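Subject: Structure handover and notes

Hello,

Here is the structure for your files. My notes on it follow below.

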Amino acid sequence: MNAMTKSHPGIRPDPIRPIISIGTINVDQLMGPIADWPQPGTETVYPDYEMRIGGGCGNFGAALMALDAHQHIVVNVGKDAMGDWLCEQFGPLADHWHRSDTVTSVTFGLTHPDKERTFLSNEGHSSIFDAKMVREMLSETRVDGAIALFVGTFLMPGLLPDCASLMKELHDSGAIVALDTAWPTGGWSDDVQTHLESWLGYVDILLINDAEASGILGIAQTEFARDIETYLARIADKLPSDAIIVVKRGAAGATAFAGGNILHVPVPGPVDVVDTVGAGDCFNAGFLMALQMQAALPDALRAGIEVAGKAIASNPRKYPEISDLCPDVAAVLSAPVPTGEEIMTFDQVENS
Ligand SMILES: Nc1ncnc2c1ncn2[C@@H]1O[C@H](COP(=O)(O)OP(=O)(O)OP(=O)(O)O)[C@@H](O)[C@H]1O
Ligand SMILES: [Mg+2]
C-alpha cells in the first residue's frame with residue numbers, strides 16, 4: 001500500500017452533507033410459510049405475503065428516510081411498474097434515479113416455519129448498474145465531507161470493475177468512504193479478494209459481520225472468535241490508518257476497531273426478533289447517521305444497535321422514527337447540526 005492511500009489529511013464528516021449510498025435496491029416479495037417444497041407443476045396458496053423495499057441501498061435508504069436523515073441515494077431501477085413503485089416509496093429522494101431500460105430486480109423471499117428464508121432473484125436493473133450512472137447521480141450533490149456507503153457491490157457486475165476508481169475519486173474529493181461487503185454470492189473467491197485488495201486502501205469505514213470478517217481473512221469463524229483483536233488489526237493494516245472497522249455480531253451487538261483499540265457494545269436489552277432481513281443495513285443507517293451527527297464511536301454503535309433492534313422487532317417491517325428510539329439514541333440522532341468551526345475533524349470524532 002502506498003503512503004497516499006494511507007492518510008486522510010482534512011477529511012471531515014460534515015453534518016450538512018448528505019449520507020450518500022451507492023448500491024442495490026429491489027422489490028422484495030415475501031411469501032410463506034413454506035414447510036415442504038412444492039412439486040413442479042402444482043399450485044399452493046400461502047397465508048403470509050408482504051411486498052417491501054429490498055436490497056442493501058433500499059433497506060438503508062428506507063431506514064434513513066424514517067429517521068429523517070439528510071441523504072442522497074445513488075441507484076438505478078427498471079422502467080416498469082415495480083420501478084415506479086420503488087420511486088414512489090422514496091418520493092423526491094428518487095427524482096434523480098437512473099431509470100434503466102429493463103425490468104426491475106425483484107427478489108422472492110420464501111419464508112419457512114423454522115424462520116429460514118430462501119431467496120430467488122432475477123438479474124434485472126442491478127446487473128446493468130454502472131459507473132457512468134453513479135458519476136451522473138453524484139454530480140448532483142457535494143461529496144466533500146459526505147459519508148459515501150457502497151453496499152451490495154458484488155451483486156452489480158457492471159459496477160464491479162470501476163469500484164476502485166469510484167472509491168478513489170470519492171476519497172480524493174474528501175468523502176468518507178464506507179463499505180459493507182455483505183456476503184459475496186459465490187463466496188470469498190480469488191476474484192473477490194482481488195477486488196477487495198484494490199478497494200480497502202480507500203475505505204474509511206468497513207462494515208462487516210463475523211462471517212464476513214473471517215471470509216476476508218480466509219480463516220474459520222471459530223478461529224476469528226479466538227482472537228478478534230489480532231485479526232481485526234490484520235484487516236486494519238489494509239485500510240487507511242484512521243479507518244474504523246465495525247463488526248456486526250447479531251444478538252451479541254457490535255464491535256469496533258479504530259486507532260488500534262477495540263470496543264464492544266452489547267445489545268442492551270431483550271429484542272423480540274421477528275424478522276432479521278436487513279438488520280445489517282438498519283445498523284449501518286443508525287451508525288453512519290450518528291457519525292454524521294458528530295457522535296462519539298460508542299454512541300454511534302449504540303445508535304446502530306438501537307435502530308436495527310427496533311426494525312427487526314416489527315412485522316410487517318416498520319423502520320423506526322426518532323421518536324420510536326430510546327431517549328439517549330434519539331438525542332444523538334437529533335442533535336442540532338453544527339456549523340463552521342464547530343464541525344469536528346474525522347480524527348476528533350474517532351477519538352472522542
Ligand atoms: N437476534 C438479534 N437480537 C438482537 N439484535 C440483533 C439480532 N440480530 C441482529 N441484531 C442487531 O442487528 C445488527 C446487525 O445484525 P447482524 O449482526 O446480523 O448484521 P448482518 O449479518 O450484516 O445482517 P444482514 O444479514 O442484514 O446483512 C446487530 O449488530 C444487532 O445490533
Ligand atoms: Mg450484512
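The second largest pocket is lined by 17 residues, and those nearest its centre are Thr111, Lys115, Arg117, Val274 and Asn315. Strand 2 (26-32) and strand 3 (48-54) are the elements that give two or more residues to this lining. Its volume is about 450 Å³. By class, the lining has 7 nonpolar, 5 polar and 5 charged residues.

This is a predicted model: local features need pLDDT of at least 70, side-chain atom pairs count only at pLDDT 80 or more, and totals for chains, interfaces and linings use all residues. Residues are numbered from 1 along each chain as its sequence is written, chains are lettered from A and ligands numbered from 1 in the order in which they are written, and side-chain values use heavy atoms, with hydrogens and water left out.

Terms for the pocket: on a 1 Å grid over the protein atoms alone, a pocket is an open set of points where a 1.4 Å probe fits, with protein on both sides within 12 Å along at least five of seven lines, and lining residues have an atom within 4 Å of a point. Grid points are joined across faces, edges and corners, and the volume is the space filled by probe spheres set on the points. Ala, Val, Leu, Ile, Met, Phe, Trp, Tyr, Cys and Pro count as nonpolar, Asp, Glu, Lys and Arg as charged, and the others, Gly among them, as polar. Helices (H or I, at least four residues) and strands (E, at least two) are DSSP runs, numbered from the N terminus.

His112 is found in the loop between strand 7 (106-111) and strand 8 (117-121). His112 is buried, at 16% relative accessible area (buried means under 20%, with a 1.4 Å probe and protein chains only). Not counting residues up to four places away in sequence, His112 touches Pro33, Ile34, Trp37, Arg117 and Thr118 (contact means heavy atoms within 4.5 Å).

Met156 is in the loop between strand 9 (147-151) and helix 4 (163-172), and is buried with a relative accessible area of 1%. Beyond its neighbours within four places in sequence, Met156 is in contact with Gly23, Thr24, Ser126, Phe129 and Val151.

In helix 4, the buried residues are Cys163, Leu166, Met167, Leu170 and His171. They lie on the same side of helix 4, because they cover an arc of only 130 degrees around the axis (taken from the directions from the helix axis to the C-beta atoms). Their cover includes strand 1 (19-23), helix 3 (131-138) and helix 5 (190-200). Gly174, with a positive phi near 95 degrees, follows helix 4.

Regards

Conventions:
Buried < 20%, exposed > 50% of the residue type's maximum accessible area, 1.4 Å probe, protein only.
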